[in-house]
Amino acid sequence: MARRISTRRKALMTVLAWFVGFLIFFPILWTILTSFKSELDAIAIPPKFLFFDWTTENYVAIQEQRNYFAFLLNSVYLSLGSTLLGLVFAIPAAWAMAFSPTPRTKSVLLWMLSTKMMPAVGALVPVTIVFRSLGLLDSRFGLIIILFLINLPIMVWMLYTYFKEIPGEILEASRMDGASLRQELFQVLAPMAVPGIASTILLTVILAWNEAFWTLLLTTTNAAPLTAFIASFSSPQGNFYAKLSAASTLAIAPILIIGWFSQKQLVRGLTFGAVK
C-alpha cells in the first residue's frame, strides 16, 4: 500500500523544489538581466535587479564587433557532427554489450566511464602535438573528433541502459525470421529505442555545445564556436560585464530553447533504468 503524503508536506516539498530550481536558474537569469544594463549599472553596488534603465546597446555593440552567426554555425556543426559520428559507434557498441555480453562487459563499461574522470588538462599536451602534426588545429573536423571521443562513453552508457530494457526474445524472433545483423539493428532495435536514442542525441548535443576547454585551446578563428565568442569579449582592458552577459545570453539562448522544449525527453534519458 502506498504511503499517503499530507497536503502540508506536499506544499512544503513544492516550495522547496521551486526554491532549489530558482537557485539553480538564478545565475542564468542574472546574466540575461545584466545583458540589458549599461556598464555602470552592471557593476553598481548594491546590485540593481529590475529597476534600471533597460537598453539593447550591448547586443548592437557585440554584433558590430563580432560575427555572431559564424560562431553559431560552428557550434551547430561541431555539436551535430560529433553527435552523429558518436551514434555510428555507440549504437553497435551498446547493442553488443546489451545482447551479447561477455564476462568483461561490465569492466569495459566501467573503464569507459572512468575516462570521464580524468582531468582534460592531462591529455592537453599529447592532443595538441598530434593535432599540430596532422594539421587539425583550428579545424572543424579536428574538434568534431575530440568532442566525439569525449562524449562517446556517455552515449554508450545511455544507449546500453535503454537496450537492456528491450526483451531479447524480440531480437531472437527477428533472427528466426531471417533478419540480418543490419536489419536487426536498424529495422528492429532502432525503432524500439527511438526515445532512448533521442534522449542520447539531445544530451550529447548539449554537452558538445557547452564544451569550452578544448574549443578554446584548439581553435582561433576558423572553427571557433560560441564558447570562443564569449571569451573574445574578455580583454586586457577589463571585463565589460554587460557585453559579456549579452554575448553569453546569445550563446546559451539556442540550447536553452532546445532544453525547454525537450525537458521530458532529457529527464527520461537521464533517469531511465534508475527506478525498477
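The model is a predicted one, so local features are taken at pLDDT of at least 70 and side-chain atom pairs at pLDDT 80 or more, while totals for chains, interfaces and linings use all residues. Numbering starts from 1 along each chain as its sequence is written, and side-chain values rest on heavy atoms, with hydrogens and water left out.

The chain holds 14 helices and two strands, taken as DSSP runs numbered from the N terminus (helices H or I, at least four residues; strands E, at least two). Its C-alpha atoms fill a box of roughly 70 × 65 × 30 Å along the principal axes. Of the 276 residues, 37% count as buried, with buried meaning under 20% relative accessible area, exposed over 50% and partly exposed in between (1.4 Å probe, protein chains only).

Now to a helix pair. Helix α1 (residues 7-34) packs on helix α13 (residues 241-261) at an angle of about 125 degrees, with the axes 7 Å apart. Axes here are lines fitted to C-alpha atoms over the stretch in contact, and angles run from 0 to 180 degrees between N-to-C directions. The two helices are therefore oblique to each other; under 35 degrees would count as roughly parallel, over 145 as roughly antiparallel, 65 to 115 as roughly perpendicular, and the rest is oblique. On the α1 side, the contact is made by Ile28, Thr31, Ile32 and Thr34, and on the α13 side by Tyr241, Ala242, Ser245, Ser248, Thr249, Ile252 and Leu256.

Aromatic rings come next. The whole structure has 13 aromatic pairs, counted for rings of Phe, Tyr and Trp (its six-membered ring) with centres within 6.5 Å; planes under 30 degrees apart are stacked, over 60 edge-to-face and the rest tilted. Trp30 and Phe49 make a stacked pair, because their ring centres are 6.0 Å apart and their planes lie at 20 degrees. Trp30 sits in α1 and Phe49 in the loop between α2 (39-42) and α3 (57-65), so the pair ties together parts 19 residues apart in sequence. Trp30 is partly exposed at 24% relative accessible area, and Phe49 is partly exposed too, at 34%. Ring pairs also link Phe22, Phe26, Trp30 and Phe49 into a cluster.

Tyr68 and Phe69 pair edge-to-face, at 5.3 Å centre to centre and 70 degrees between the planes. Tyr68 is buried at 7% relative accessible area, whereas Phe69 is exposed at 53%.

Methods
Contact means heavy atoms within 4.5 Å.
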